[in-house]
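Take a first walk through this structure. We start with the whole chain and then stop at a few places along the way.

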Amino acid sequence: MTDLNKYRNIGIFAHVDAGKTTTTERILKLTGKIHKTGEVHDGEATTDFMEQEAERGITIQSAATSCEWNGHRFNIIDTPGHVDFTIEVYRSLKVLDGGVGVFCGSGGVEPQSETNWRYANDSEVARVIFVNKLDRMGADFYRVVDQVEKVLGANPLVMVLPIGIEENFKGVVDLMSMKAYIWDESGQPENYEVTDIPADLQAKAEEYREKMIETAVEQDDDLMEAYLEGNEPSVEDLKRCIRKGTIALDFFPTYCGSAFKNKGIQLVLDAVVDYLPNPTEVKPQPETDEEGNETGNFAIVDVNHPFRALAFKIMDDRFGALTFTRIYSGKIKKGDTVLNTFTGKNERIGRIVEMHANERLELDGAQAGDIVALIGMKNVQTGHTLCDPKNPATLEPMVFPEPVISIAVAPKDKGASEKLGVAIGKMVQEDPSFRVETDEDSGETILKGMGELHLDIKIDILKRTHGVEVEVGKPQVAYRETITQAVEDSYTHKKQSGGSGQYGKIDYIIEPGEPGSGYEFESRVTGGNVPREFWPAIEKGFKVSAEKGVLAGYPCLDFKVILMDGAYHAVDSSAIAYELAAKAGYRQSMPKAGPQLMEPIMKVDVFTPEDHVGDVIGDLNRRRGMIQGQEPGSTGVRIKAECPLSEMFGYIGDLRTMTSGRGQFSMEFLHYMPCPKNVAEEVIKETKEREEKKK
């Protein structure tokens, strides 16, 4: 049995381009896991193994890897920084015990780092901070520390000071040992010497060390008292206090260096061992019932408790589906049967592997605290709980944001349509923020995602990974129609052409219904003028017709037909005659009933830094949005509004431009509302032109 005290499950997260992947590479090199470091800009980083990642130099999916440092086992997840892939960060943070937040020495606290920091706060993940790229032009360690306080509302505990800056950056002062670590120019991480602190930094180091000790001893009353009396705590006591405060999220130990130049990484690894929690020191995961309410039980991290695990990511590769799983309690081995509480079905574990990016190491078993990939899972999806069939329990599920953008795709040739279905099925399993539906009106496949880059990458994956060429359409809006006034009318269907004829006369009222009522039918015929057996045919005639409105052919909503009277012929009347009379009556009366085009209105939730609130509100007003309210928060303002969907295409790009990339938004369907006259005329014109083209 491995000692859980020696485990560290950590994630590395930050803004795009702050150097997460490079930092991960250096950690793997230092811990002896890889012998040659790959560079992101050469497309050779170990954890960026997708073709799209190597090409664009960005991380798209979180990659898992394991390594050892000072007798401790690290499970590391390198996460993406781009806003369209925050889902990957969110689900990784959900299963980690600690994190390393990487900030760029010159860029500082950037928008995406705010989002990821917010996610980490929500998941209550302890973190150490690494200010990277101090060798870059414009790098300033102290400015970044300031920003962490002001922008993130966090409390950075400075543990090291930089020696030199920009191209003169050569090492760090460790405030714990009060020694200087200076690297030579060979670029080898192990080529450093420990010396005395340079004279010009002596005063600054003492000032920051004092701050560090004062913050740390607040965690222990006895030590604080002793310190106030002039007794300095020992290094062991200091480390214990800093560990306690870090796990309680009271402060975040802050380091600096240059991952690319291999300077300063060792101290970060030591900090992970010294200050980040092992699996047993984190609040245990609450167990929930089927409705998602907490039961009061917890998945205690202990090998001897019943098995509990959370599947946090599905990845398809050439060997089949890999289910990345964090084990919270108990243990499993190859061939075991586990219960998926979401489906209620048992699953057999085929193989257990430890992932090193896209390579794998076969394992016989795994235990509480491990992050492993399981092979052979049939119906497991992201967020599902796996547990002991004799002791069922559900862990708190993950909540994923709704997609905000959709496009239509169609395979370029007939043979590809089956392949498209299979490929999309796999992609939906891998990425819970990617949804697919079939448009019943047009039969097209609609892909929905978190942003334009997100869908761009999905189309790319369809082409390269699955070999499916697709044609991509423009985003479309699903309009509807309704009526605004009541009409009383009559229609007679008569046809006589040799043999038996067709006859059906109906007198009816068509009137607007309540919003959301759909189509309703009522008969008030008394006597036998229209026999009862023909009423369903009349109801069906109107209902079928309602699928195409008279303005632009969109389905017609919220109206009521009342059958008042009519006439029938003993020989010539039939169900079909009355159905045809109803269809013709619909076409005759609807244009008289004040038809109106309805558009979908979305509930929009925009997050923006305070200094851009005016721009964002002005822009929403231009998009015919109605502002419903504002809520100020520590890192910005949330604006709630209702906007027509047709005005929201391309919004994410405009929002990012307006807010220097820091704004975010989500939207969901709210209801249908009448279209303004000028918009309705434009839509009707466009629809008619499309219909003409089809002919």
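Predicted model: local features only at pLDDT ≥ 70, side-chain atom pairs only at ≥ 80, totals over all residues.

Residues are numbered from 1 along each chain as its sequence is written, and side-chain values use heavy atoms, with hydrogens and water left out.

Start with the chain. It has 16 helices and 37 strands. Helices (H or I, at least four residues) and strands (E, at least two) are DSSP runs, numbered from the N terminus. The chain holds 695 residues, and 54% of them are buried. Buried means under 20% relative accessible area, exposed over 50%, and partly exposed in between (1.4 Å probe, protein chains only). Contact means heavy atoms within 4.5 Å. Of the contacts in the chain with a separation of 6 or more, 71% join residues 24 or more positions apart.

Now find two helices that meet. Two packed helices are described by the angle between their axes and the distance between the axes. Helix H8 spans residues 235–247 and helix H9 spans residues 265–275; their axes come within 9 Å and cross at roughly 80°. Axes are lines fitted to C-alpha atoms, for helices over the stretch in contact, and angles run from 0 to 180 degrees between N-to-C directions. H8 and H9 are therefore roughly perpendicular to each other (65 to 115 degrees). On the H8 side, Lys239, Ile242, Arg243, Thr246 and Ile247 take part, and they meet Val273, Asp274 and Tyr275 in H9.

Go on to helix H13, residues 575–589. H13 has 15 residues and reaches 21 Å from its first C-alpha to its last, close to the 21 Å expected at 1.5 Å a residue. That expected span is 1.5 Å times one less than the number of residues. Its buried residues include Tyr578, Glu579 and Tyr586. The buried residues of H13 pack against strands S30 (487–495), S31 (502–512) and S33 (559–567), and against helix H12 (535–545).

Next, look at Asn9 in strand S1 (residues 7–14). Is Asn9 buried or exposed? Asn9 is buried, at a relative accessible area of 0%.

Finish at Thr482, in strand S29 (residues 480–483). Thr482 counts as buried, at 9% relative accessibility. A polar atom of its side chain lies 2.9 Å from the backbone oxygen of Leu557.

Terms used. Parallel < 35°, antiparallel > 145°, perpendicular 65-115°, else oblique. Polar contact = N/O pair within 3.5 Å; in protein donor to acceptor, adjacent residues only side chain to side chain.
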